[in-house]
Structure formats: structure tokens, C-alpha cells
Amino acid sequence: MKIEEGKVVFLNFVLTDEKGEILEDTREVGDFSYIHGLGDFIPKVEEVLEGKTKGFESKIVVEPAEGYGDYSEELIYEMPKSDFEGFDDIYVGLDFQAETEEGVIPLSIVEITDETIIADGNHPFAGKTITFELKVSDVREATEEELEHGHVHTEGHCH
Ligand code: ZN
């Protein structure tokens with residue numbers, strides 16, 4: 001089956017940054033999957049995969065501008081600790097969503113001081129040139145429900 005719009009694509013890959021450091025390895029976290037052609041995955045990678053089939057292998061280098069964008073200091077937020085009263089546990093690395101001038105964005109706590117919490121809204125891979133060494137492990141039709149939701153359901157479950 002060829003990869004085209006509306007197909008669920010399963011990939012295994014090792015993702016490295018420009019220093020060769022491993023950012024993600026699907027052998028550890030399980031295959032990555034996405035619905036092709038919805039603009040959910042990196043456009044450059046989707047382009048390479050278009051029309052390919054199970055077993056296809058490639059090494060794809062993605063510059064920041066083609067991937068997760070440049071690192072922006074404007075996406076560093078300092079907020080009072082009192083904003084976090086509802087949280088059970090606050091620690092560096094905690095991901096959460098917050099209402100900002102840019103709308104609701106995902107943030108990650110990078111520093112905790114006595115009074116404030118500093119959070120970073122940059123994607124962890126922002127500013128990095130990343131290299132995918134990937135292999136297509138499977139391709140299947142998306143179900144109607146998956147297309148409606150715009151994401152892959154694992155073993156029939158919506159998550
Ligand atoms: Zn769903």
C-alpha cells in the first residue's frame with residue numbers, strides 16, 4: 001500500500017541533532033504513527049514519504065525552518081508561583097498548557113525559584129537541525145473515525 005493522503009503511516013526512527021546526540025529513538029518508545037497528508041507531521045518528511053511503501057528507508061535532514069522553527073526568547077515565560085496552586089507537583093521538566101498572548105500553548109518548566117516559575121514554550125527541538133534515520137514499518141487505511149478526529153487510534157482507542 002502506498003503512502004498517500006488519509007493513510008496511517010507507522011515509522012521507526014532514530015532522531016539525532018547536529019551533534020549526533022539522540023533526541024528520540026522509537027526502539028525505546030514504540031513506533032511513531034501519523035495520518036499522512038493532514039499537515040500533522042514535518043512537511044519535508046511527509047514529502048519524502050509520499051508514494052512510498054512499507055520497508056522504505058531514508059535519512060532526512062530537517063533544518064529548523066523546515067521543522068520546529070528557531071528558538072525564540074519571546075517564548076520564555078516567567079510566572080508567579082501562585083499561578084500553580086492547583087498543581088499537585090511542580091518540577092523542572094513538567095509540561096503543561098497555559099493561556100498566553102499567543103493563545104493556549106504547551107509550556108515546559110525550565111526553572112523554579114522562590115517566587116517564580118520560568119517556563120519555555122519552544123518546542124524541545126526548536127533551533128536544532130535534526131536528522132531522521134527512518135524506516136516505514138507499516139501503512140494502513142485510516143478509519144473514518146480517525147479521519148474525523150484527525151489522529152491515529154491505537155488498537156481502536158481514542159487517546
Ligand atoms: Zn480520536
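Predicted model: local features only at pLDDT ≥ 70, side-chain atom pairs only at ≥ 80, totals over all residues.
Residues are numbered from 1 along each chain as its sequence is written, and side-chain values use heavy atoms, with hydrogens and water left out.

Asp25 belongs to strand E2, residues 22–25; helices (H or I, at least four residues) and strands (E, at least two) are DSSP runs, numbered from the N terminus. Its side chain is joined to that of Arg27 by a polar contact of 2.9 Å, a polar contact being a pair of N or O atoms within 3.5 Å, where within protein one must be able to donate a hydrogen and the other to accept it, and residues adjacent in sequence count only if both atoms are side-chain atoms. If we set aside residues up to four places away in sequence, Asp25 touches Phe13 and Val14, and contact here means heavy atoms within 4.5 Å.

Let me now step back to the whole chain. The protein has three helices and nine strands, and along the sequence they follow the pattern β-β-α-β-α-β-β-β-β-β-β-α. The domain assignment, which is an automatic or database one, gives domain 1 as 7–68 + 128–149 and domain 2 as 73–120. The centres of domain 1 and domain 2, taken over C-alpha atoms, are separated by 29 Å, and the C-alpha atoms of the protein fill a box of roughly 55 × 40 × 30 Å along the principal axes.

Of the 159 residues, 35% count as buried. Among contacts with a separation of 6 or more, 63% are accounted for by residues 24 or more positions apart. As for charge, there are 12 positive and 40 negative side chains, and the centres of the two sets lie 13 Å apart; Lys and Arg count as positive and Asp and Glu as negative, with His and the chain ends not counted, and the place of a charge is taken as NZ of Lys, CZ of Arg, CG of Asp or CD of Glu.

With that picture in mind, let us return to single residues. Thr16 lies in strand E1, residues 7–16, and is buried, with a relative accessible area of 13%. Apart from neighbours within four places in sequence, Thr16 is in contact with Glu21, Ile22, Leu23, Thr129, Ile130 and Thr131.

Which residues does Ile60 contact, leaving aside its neighbours within four places in sequence? They are Lys44, Val45, Val48, Ile130, Thr131, Phe132 and Leu134. Ile60 lies in strand E4, residues 57–62, and counts as buried at 3% relative accessibility.

Finally, is Gly69 buried or partly exposed? Gly69 is partly exposed, with a relative accessible area of 23%, and is found in the loop between E4 and strand E5 (76–80). Gly69 and Phe125 are 56 residues apart in sequence, and their C-alpha atoms are 8.2 Å apart in space. Leaving aside neighbours within four places in sequence, Gly69 is in contact with Pro64, Ala126 and Gly127.

Notes:
Buried < 20%, exposed > 50% of the residue type's maximum accessible area, 1.4 Å probe, protein only.
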